[in-house]
Amino acid sequence: MAEAQFHRILLKLSGEALAGSAGTGIDLPTVRRVATELADIKKTYPQVQIAIVNGGGNLWRGESAAKAGMDRARADYIGMLGTVMNALSLADALEQAGVVTRVLTAIEMRQIAEPYIRGRAIRHLEKGRIVIFGAGTGSPYFSTDTTAALRAAEIDADAILMGKNGVDGVYDSDPRKNVEATKFSELTYDEVLQKNLKVMDSTAGAMAKDTHMPLVVFNLNETGNIKKAIEGQDIGTVIKG
Ligand code: UDP
């Protein structure tokens, strides 16, 4: 019988992973599918503690708005608000699926979520609640990949599970453009840097490398993959070092 390989994981969901086939906005059936999968994992492996960092690219990207003339910091604050909208949608779906969930935001908005306090996040996890970190790091110029690397280190996660939208791991070239692209099943962070592979942005990659945080990259669009990743099944690319 399969067993969970991790005790505490940080699941990174890109904003697009919540957008469904439209590619933008929040698609409730897609959000429910992810929530049902997580509820199922909580039933099978109640001892596995799950924290989530979700992106916001389905709603807004600060960098694009800055390129179109907006002040970058202000554009990034809108991006962070977008992540909170995603976080609340996911929390709602998780609660409806029977999982006690807490949203903790890096920018205080006490009427709708708890402020991020590290000890509190860990306490929620120990009580079996799923914790969703909203509003990124709370600072402009960062990404939610960096948030994932930062929070994973802060809560002492065993690994970051990075669910991609339609891509099942790290390839030597873009598999959507090159049919001969080959997938790596294992890599070190040094190899990612040497080969200039696009896994996460450089700030996030440096943080994950410095904290020796294992990273599992897999396709979120295939139902059951989050559980398989937790069981250590060979479904994507594992990065260590
Ligand atoms: N963002 C930010 N600081 C953070 C995290 C996110 O300013 O610490 C903003 C930034 O504008 C970014 C947007 O939030 O474009 C959405 O996050 P991200 O692009 O990482 O989402 P994803 O690509 O994972 O959907």
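**Close-up views of a predicted model**

**View 1. The buried side of helix H7.** In helix H7 (residues 202–210), the buried residues are Ala204, Gly205 and Ala208. Looking down the axis of H7, these buried residues fall within an arc of 100°, so they line one face of the helix; the arc is that of the directions from the helix axis to the C-beta atoms. A residue is called buried if 20 or more other C-beta atoms lie within 10 Å of its own, exposed if 12 or fewer, and partly exposed in between, with C-beta atoms placed from the backbone. Helices (H or I, at least four residues) and strands (E, at least two) are DSSP runs, numbered from the N terminus. On the face of H7 turned away from the buried side you will find the exposed residues Ser202 and Asp210. The buried residues of H7 pack against H5, strand S6 (159–164), helix H6 (189–194) and strand S10 (215–219); contact here means C-beta atoms, placed from the backbone, within 7 Å.

A note before moving on: this is a predicted model, in which local features need pLDDT of at least 70 and side-chain atom pairs count only at pLDDT 80 or more, while totals for chains, interfaces and linings use all residues. Residues are numbered from 1 along each chain as its sequence is written.

**View 2. Positions listed by UniProt as "binding site".** The unreviewed UniProt entry lists Gly56, Asp76, Thr137, Gly138, Ser139, Pro140, Tyr141, Phe142, Ser143 and Thr144 under this name. They span 89 residues in sequence, yet no two of their C-alpha atoms are more than 14.2 Å apart, so they gather at one spot. UniProt positions follow the numbering used here, feature names are shortened, and annotations may be inferred rather than shown by experiment.

View 3. Asp76 lies in helix H3 and counts as buried, with 24 C-beta neighbours inside 10 Å. Leaving aside neighbours within four places in sequence, Asp76 is in contact with Gly62, Pro140 and Tyr141. Gly138 sits in the loop between strand S5 (130–134) and H5 and is partly exposed, with 16 other C-beta atoms within 10 Å. Not counting residues up to four places away in sequence, Gly138 touches Ala106 and Ile107.

View 4. Strand S3 (residues 101–105) and S4 pair in the parallel sense over two bridges, and Leu104 stands opposite Glu114 in S4.

Conventions
Two strands pair if DSSP finds at least two bridges between them. Two residues are in contact if their C-beta atoms, placed from the backbone, lie within 7 Å.
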